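Here is a short report on surface charge, a cavity and salt bridges.

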Amino acid sequence: MEFQKDELNEILNIFQQESAEIISSMDEKLLILENNPNDSEIAMQLFRDAHSLKGSARMLGFDTIQDILHKIEDVIGLVKENKLTMTSDIADFVSECLEFVLNLINKTVENK
């Protein structure tokens, strides 16, 4: 399916805005989970956020972004399955990865 230039720009802008919102929400949930490592509902919400963001990146063909988000999803999945406890080090690392993803999204959209 081919998009007109203005349609592609709109899609990319929506992806960029929604990604920023999801990543911000994920950062907030990471803090909650760091303070309440047994909160399975927050872990599930974080997992869904990562999964949704990964799917959007895949849909747009952003393979590198998708790959990074897949790894983040894997870590959160381990937390969700109680195979890994969310510590401050893990939360900080995931947050840094999310910041990197957001920067990568911004650069990707900027460069079209």
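## Negative patch

Asp-89, Asp-92, Glu-96 and Glu-99 form a negative surface patch. Patch members have over 30% relative accessible area and no salt bridge, with like charges joined within 9 Å. Areas are Shrake-Rupley values with a 1.4 Å probe. Glu-96 lies in helix 4 (residues 88-111); helices are DSSP runs (H or I, at least four residues).

## Model basis

The model is predicted: local features need pLDDT of at least 70, side-chain atom pairs need 80 or more, and totals for chains, interfaces and linings use all residues. Numbering starts from 1 along each chain as its sequence is written, and side-chain values use heavy atoms, without hydrogens and water.

## Cavity

The count is 1 cavity of 30 Å³ or more. A cavity is a set of points on a 1 Å grid where a 1.4 Å probe fits but cannot get out; lining residues have an atom within 4 Å of a point.

Helix 2 (40-59) and helix 3 (63-80) each supply at least two lining residues.

## Salt bridges

The whole structure holds 3 salt bridges (Lys or Arg side-chain nitrogen within 4 Å of an Asp or Glu carboxyl oxygen). One joins Lys-29 and Asp-49 at 2.7 Å, N to O. This pair links helix 1 (residues 5-35) to helix 2, 20 residues apart.

Note on methods:
Patches are made of residues with over 30% relative accessible area and no salt bridge: like charges are joined within 9 Å, nonpolar side chains (Val, Leu, Ile, Met, Phe, Trp, Tyr) within 5 Å. Lys and Arg count as positive and Asp and Glu as negative; His and the chain ends are not counted. The place of a charge is taken as NZ of Lys, CZ of Arg, CG of Asp or CD of Glu. On a 1 Å grid over the protein atoms alone, a cavity is a set of points where a 1.4 Å probe fits but cannot get out, and a pocket is an open set with protein on both sides within 12 Å along at least five of seven lines; lining residues have an atom within 4 Å of a point. Grid points are joined across faces, edges and corners, and a volume is the space filled by probe spheres set on the points.
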